[in-house]
Amino acid sequence: MDQEGRYSLMKSLYERFAATVRGARALAAARLRHEVLGALHQALQICGMSQSDVAQAVGVRRSAANQVFRGDGNVRINTLADYLHAMGFEADIRLVRSGEPRRAALEQRPIKYVSGDWRIRRPQATSSGIFLTGEGHQSHVLISWTSTPIGTTDSIRLEAEVHPLPPPVPSAERYMHLGGMKWTTT
């Protein structure tokens, strides 16, 4: 069998394995393990510590630290966090569709993440208002506003309206008292 034939056989073996539930899980676990170990070793290299230094900082034997850096067994999330923290780092995890890292590598393109950073809240449409009373409660104003997101950006459009209110003063049950705050405009 020539080199081309071996490559297509290997490819089809991978695809057959990835097509099973058990195989897909095993591949996902292997990719995650690879990413975690890569991050641990990168942190170790960047921080300039030895495995012994990290073991001492975490409070474990050197052999236990060596097992973590070799990837022996299942490392708990808290253990990973402890080791990274001892080296001055934290982990950042983003979701990708199953098989995406391999497809991206084969197609020589960046990995496509499922969504943007979930920790960043995009602006939401909101409406609110505030009731203001002037000095000596002679004038009363209701200021209301609405914010609307603009497209898929982080920008918002803010529209505000000022409504002078004639006496009598609206009832206290309808509006929240802000305590002796003074509002002035220039």
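Is His34 buried or exposed? With a relative accessible area of 57%, His34 is exposed (buried means under 20%, exposed over 50% and partly exposed in between, with a 1.4 Å probe and protein chains only). You are looking at a predicted model, where local features need pLDDT of at least 70, side-chain atom pairs count only at pLDDT 80 or more, and totals for chains, interfaces and linings use all residues. Residues are numbered from 1 along each chain as its sequence is written, and side-chain values use heavy atoms, leaving out hydrogens and water.

You can find His34 in helix α2 (helices are DSSP runs of H or I with at least four residues, strands are runs of E with at least two, and both are numbered from the N terminus). Gly71 is 37 residues from His34 along the chain, yet their C-alpha atoms are separated by 8.9 Å.

Now turn to the largest pocket. Lining it are 35 residues, and Leu32, Arg33, Glu35, Val36 and Ile93 lie nearest its centre. On a 1 Å grid over the protein atoms alone, a pocket is an open set of points where a 1.4 Å probe fits, with protein on both sides within 12 Å along at least five of seven lines; lining residues have an atom within 4 Å of a point. Helix α2 gives the largest share of this lining, 10 residues.

Finally, visit Gln108, in the loop between α6 (100-106) and β1 (126-133). Most residues other than glycine have a negative phi. Gln108 is not a glycine, but its phi is positive, about 50 degrees. At 75% relative accessibility, Gln108 also counts as exposed.
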